[in-house]
Amino acid sequence: MEELGAVVLGARPHRGCQLSMASLSKVTNAMARPNARVVAAAGAVLLAVVAFESLRLGLGGLIVELAQSESDRRTAPGRTAPKAELDRLAGFYADSLAFHPGNPWALESLGVADLARMRATRSPLEAQALARDAYKRFREALEQKPASPFLWANLALCKLYLDELDDEFRAALRHADELGPWEPSTQEIVLFASLAAWQSSDAAMRRATTAVLERGASRNALKLFGIVKRFKRLDLVCPLPGYHSIAAQDCVAQASAGR
Amino acid sequence: MRAGAAGSLMKPRRWIALGLVTLQLAFPMGPMAQPGRPAGEKAAEAKTSDASGYVNSISGAVYVRKRDGTEELAKVGDMFGPGATFRTDSDGAVTLLFADGQNIALSAASVLKIEDYRFDPRNLKTNRASFELQSGMMRVVTGAIHTDNPDGLLISAGKAFVDILSPDVTAFVLEVDPKSLTAGSAAVTIGEISIVTPQGFALRLTSDQFSRWQPGADASRPVPIAAAPAAIQAAASESEAKIFASNAPIDIQSAAFAASLSQLPSPGAGPSEPILQAQAPQTSAPIVAPAGTPGGGGGRGCVGSPC
């Protein structure tokens with residue numbers, strides 16, 4: 001340490017040339033030892049932070065994954081899960097967000113759960129609040145995944161349930177249609193929301209609705225026809241050749257009733 | 001001699017006892033049942049004997065304005081008559097049960113006036129009722145007045161009038177825009193109704209249909225309730241679940257008493273919840289489900305990294 005001080009401070013320059021390799025090594029080691037400790041300590045801290053972050057994100061992801069599996073296991077097609085079950089599921093997603101705030105997957109799942117809870121509740125105030133919550137979650141998720149047609153479609157659905165058929169609603173429908181023109185679930189929501197807002201839609205939106213029906217005829221005809229039939233809008237599918245095989249009977253019945 | 005004196009002494013007591021027994025037999029329990037009831041209470045009983053209905057359940061703040069103009073906080077078990085106006089706060093809701101079995105639930109921030117109500121189970125054809133939803137939202141499940149004398153039931157929502165077309169129990173939701181009496185919406189869960197809108201259109205709605213009306217536009221084409229705003233969907237779902245097993249008339253006084261008892265703190269007498277309707281399962285299935293990102297959305301295989 002004294003040598004080091006001498007070298008650094010230049011106390012004995014006359015002996016500089018006489019410095020042997022051994023003493024140089026000693027000097028280097030002496031210099032390196034405290035730095036190595038600092039580096040090692042910094043590395044350990046960094047590793048701990050990375051490990052903690054990984055654990056946090058991993059736990060967040062694991063909870064979402066478990067909740068999703070639970071949801072898939074319990075939700076048979078066409079079955080409406082009881083509200084208590086949905087509340088529990090939403091609790092899982094909320095826990096996941098506590099570990100990893102802003103996780104778009106958890107936000108999307110929680111938004112979907114909120115909409116399911118909205119359908120299950122019998123309180124108008126709660127239904128309104130849940131639709132609003134779902135809207136906020138899809139909006140937040142869209143900041144990170146702006147190219148997701150599913151998020152845009154779900155956002156449009158929220159706007160419909162909130163009775164806000166404004167420019168944002170129309171833009172959400174348009175984005176969903178443009179980003180996922182061949183996605184069956186997007187087609188269904190776009191068609192559903194467009195038919196619900198038919199009265200306030202413009203000519204372009206109505207043309208886009210017909211285009212969704214035309215595109216969906218090849219792979220999703222049965223589902224789309226079911227939606228059109230619930231809205232009693234057979235006039236939209238009867239002229240389309242893609243639906244002749246499944247809609248013919250209803251179209252004939254409607255035509256004869258019209259006469 | 002001593003015994004004879006005693007017998008003569010007992011005689012008046014026997015007479016008194018005999019008199020008391022005779023009195024008791026002639027007026028059984030009379031003195032116990034009405035021990036000096038105040039005149040006000042007797043008057044109240046006379047007043048409530050023509051009660052139209054009672055408050056079955058409440059949440060949040062709900063006020064009732066009586067015919068004389070006084071307004072007070074409503075509570076479960078309160079009976080009311082024609083002329084009463086119910087007003088709910090932004091967090092309030094109230095369910096009213098009427099003598100004919102009709103059931104009206106008022107949502108938050110709503111005003112309902114019971115303009116007229118007369119129900120006599122012995123003279124069904126003279127029964128009548130008139131309700132005016134002045135603002136907000138209510139759900140209605142009709143009762144015996146509608147079934148026995150359909151023309152006797154008048155319901156208005158803002159400046160729109162409801163005509164119930166189905167002969168049996170009908171359940172529907174009405175909403176009046178708080179900003180304009182000429183705008184509103186309706187959803188039918190059971191039966192069929194026709195609405196004459198302020199714009200002069202006749203709007204026909206059947207089960208599982210929703211429609212709205214507003215100034216300067218045609219009445220909208222009916223759509224499924226699943227496409228209605230969230231609040232309407234919830235109210236419709238509630239009305240679907242609260243249909244009476246039968247729309248038989250109710251003994252208002254005893255039902256109101258039971259409802260009041262149910263509000264007593266535990267361990268109180270009476271049922272734990274107000275006696276109400278048979279619970280029916282929710283029947284309407286969703287038309288579309290919200291979209292989820294395939295393979296993820298909920299996170300499967302995608303957590304923390306883009307799919």
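In the predicted model, Asp163(B) has Ser194(B) as its bridge partner in β14(B). Strand β14 (residues 192–196) of chain B pairs with β11(B) in the antiparallel sense over four bridges; two strands pair if DSSP finds at least two bridges between them. Helices (H or I, at least four residues) and strands (E, at least two) are DSSP runs, numbered from the N terminus. Residues are numbered from 1 along each chain as its sequence is written, and chains are lettered from A in the order in which they are written. Local features of this predicted model need pLDDT of at least 70, side-chain atom pairs count only at pLDDT 80 or more, and totals for chains, interfaces and linings use all residues.

β11(B) also pairs with strand β10 (residues 153–157) of chain B, in the antiparallel sense and over three bridges. Phe161(B) in β11(B) is the bridge partner of Ser156(B). Two residues lie between the strands of this hairpin, in which Gly158(B) takes a positive phi near 65°.

Between the chains, 46 residues of chain A are in contact with 34 residues of chain B (C-beta atoms, placed from the backbone, within 7 Å). The largest share of the side of chain A that touches chain B comes from α4(A), with eight residues.

How values were computed. Two residues are in contact if their C-beta atoms, placed from the backbone, lie within 7 Å.
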